[in-house]
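Please walk me through this structure step by step.

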Amino acid sequence: MGTKGEKAELRCPRYAVGLMSGTSVDGIDAAVVEINGNREEPPGVRLVAFENSPYPAGVREDIFALFDPCNATVDRVGKMNVLLGELYAEAALSVIGKAGLSAEDVSVIGSHGQTIYHAPSMEPYHGRNVHYTVQIGEGAVIAARTGIPCVSDFRPADMAVGGQGAPLVPFTEYLLYREEHRTLLLQNIGGIGNMTVIPAGCSPGEVYAFDTGPGNMIIDGVVERLYPGQLTMDIGGAIARSGTADPRLLGRLQQEAYYSQPLPKSTGRELFGSSYIDKLLHDAEALGMQAEDIVATVTMLTAWSIGDAYRRYVMAGHPADAMIVGGGGSYNPVLMEWIRKEMAKEGVQVLTQEAIGHNSDAKEAVAFAVLADYAITNRPNNLPHVTGASRPVVMGKISY
């Protein structure tokens with residue numbers, strides 16, 4: 001490991017930046033964290049500063065175009081890869097300034113990148129079984145513009161040893177949230193919903209996690225189609241509150257095979273993206289549904305999928321004391337109300353990240369700062385039991 005990596009390991013406290021851009025493509029989340037601890041002990045982590053930088057409208061549109069493989073030509077992917085590197089570097093330098101620090105104070109940047117395709121299931125190809133994932137946002141550009149080592153492209157190392165490359169955040173959730181006497185569920189609701197199960201007093205090998213299904217992705221997609229040029233999301237759940245979930249459409253949507261697929265499992269826009277919404281709206285039209293009832297139905301679907309996942313995969317083995325919800329979905333009061341009703345059936349209290357003193361928006365950016373801190377000091381940073389990998393690996397490609 002080079003000099004910078006050695007300094008990152010030995011300096012306490014040290015600072016790291018985490019960058020996250022999720023499936024909703026809302027913008028770039030950037031966090032500066034202070035980290036204490038050495039190789040042998042779990043880190044102490046404190047959020048110092050956080051910023052969200054929305055994507056310019058044209059950039060967001062071009063990213064969405066790349067979700068369709070027919071549009072994701074090599075030249076378009078290549079240009080966006082470099083452009084996002086530039087935008088991520090600007091976001092990193094901005095949040096470092098907000099923290100009152102300089103680039104020289106920061107040991108490492110961890111950038112998740114923008115996922116444009118994720119295919120975690122093995123498929124035969126020229127006599128081999130392969131699976132793959134594509135995240136863009138060039139780490140070399142981030143390192144060059146900031147002067148700080150950048151760890152990027154985390155998922156492939158896990159997938160190379162048989163994992164799904166997702167979910168990755170449970171590694172840091174175990175470090176930062178586990179308790180001796182309470183079993184906790186950490187539910188993130190970004191574009192996709194994912195649940196981490198942290199049994200009371202558990203070891204790392206006892207943590208498990210999986211994608212529960214759509215989070216905001218279908219809600220946002222439906223709203224954007226039904227209210228073109230007016231809305232891109234159901235702000236405050238206002239549309240869903242004015243409608244009524246239709247049991248006929250909800251029942252059809254609940255038949256999606258993903259919900260009963262065995263663990264480990266992960267999903268994304270490849271399943272719950274544009275084509276899915278096309279069919280959903282076609283079915284809703286055939287049922288004569290109003291726009292607000294469609295939005296209410298897909299909001300209920302997200303709430304149901306979370307409760308169903310708990311009942312199907314968690315409750316028998318690890319009955320939970322509390323669920324802590326983060327991500328953009330935690331700001332939708334209607335969605336949260338329906339999740340609370342789902343989980344109340346099983347006696348699980350539902351809280352938000354803010355209710356326990358954390359920042360919901362910053363949570364995943366903080367995670368990638370910690371994952372990068374592990375990578376730059378050559379420490380394994382995956383949970384094989386969570387991703388399905390055959391062994392622990394150091395995830396992330398380092399650019400200096």
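In which helix is Ala372 found? Ala372 is found in helix H14. Helices (H or I, at least four residues) and strands (E, at least two) are DSSP runs, numbered from the N terminus.

A word on the basis. This is a predicted model, where local features need pLDDT of at least 70 and side-chain atom pairs count only at pLDDT 80 or more, while totals for chains, interfaces and linings use all residues. Residues are numbered from 1 along each chain as its sequence is written, and side-chain values use heavy atoms, with hydrogens and water left out.

Back to Ala372. Its relative accessible area is 0%, so Ala372 is buried. Buried means under 20% relative accessible area, exposed means over 50%, and partly exposed lies in between (1.4 Å probe, protein chains only). Ala372 touches Val108, Ile109, Gly110, Val151 and Phe154, with residues up to four places away in sequence not counted. Touching, or contact, means heavy atoms within 4.5 Å. Pro333 is 39 residues from Ala372 along the chain, and their C-alpha atoms are separated by 33 Å.

Now the domains. The chain is divided into domain 1 (14–152) and domain 2 (173–356). These bounds come from an automatic or database domain assignment. The C-alpha centres of the two domains lie 24 Å apart. Where they meet, 12 residues of domain 1 are in contact with 13 residues of domain 2. The area buried between domain 1 and domain 2 is about 990 Å², and carbon and sulfur atoms give 52% of it. Buried area is the accessible area (1.4 Å probe) that two parts lose on being put together, summed over both.

Which three residues supply 39% of the area that domain 1 buries against domain 2? They are Thr23, Ser24 and His118, and they supply more than any other three residues.

A salt bridge is a side-chain nitrogen of Lys or Arg within 4 Å of a carboxyl oxygen of Asp or Glu. Across the interface of domain 1 and domain 2, 1 residue pair is in polar contact, both at pLDDT 80 or more. A polar contact is a pair of N or O atoms within 3.5 Å; within protein, one must be able to donate a hydrogen and the other to accept it, and residues adjacent in sequence count only if both atoms are side-chain atoms.

Helix H2 (57–66) and strand S4 (106–125) are the elements that give two or more residues to the side of domain 1 that touches domain 2. S4 gives the most to that side, with 4 residues.

Next comes helix H6 (residues 170–177). Of its 8 residues, 7 are buried, so H6 is largely enclosed by the rest of the structure. Pro170, Phe171, Thr172, Glu173, Tyr174, Leu175 and Tyr177 are the buried residues of H6. They pack against strands S7 (184–189), S8 (192–198) and S9 (208–214), and against helices H14 (363–376) and H15 (384–387).

Turn to strand S11 (residues 349–352), where Thr352 lies. Thr352 has 17% relative accessibility, so it counts as buried. Leaving out residues up to four places away in sequence, Thr352 touches Ile324, Val325, Met336 and Arg340.

Last, the charged pairs. Side chains of opposite charge can pair when their charged atoms come close. The whole structure holds 16 salt bridges. In one of them, the side chains of Asp153 and Lys397 meet (2.7 Å, N to O). This pair links distant parts of the chain, 244 residues apart: Asp153 is in the loop between strand S6 (150–152) and helix H5 (155–160), and Lys397 is in strand S12 (residues 397–399). Lys397 is partly exposed, at 45% relative accessibility.

Asp246 forms a salt bridge with Arg248, and their closest N and O atoms are 2.7 Å apart. Asp246 is buried at 11%, and Arg248 is partly exposed at 45%.

Lys345 and Glu342 also meet in a salt bridge (3.3 Å, N to O). Lys345 is exposed, with a relative accessible area of 57%. Glu342 is buried, at 6%. Salt bridges that share partners join Arg311, Glu342, Lys345 and Glu346 into one network.
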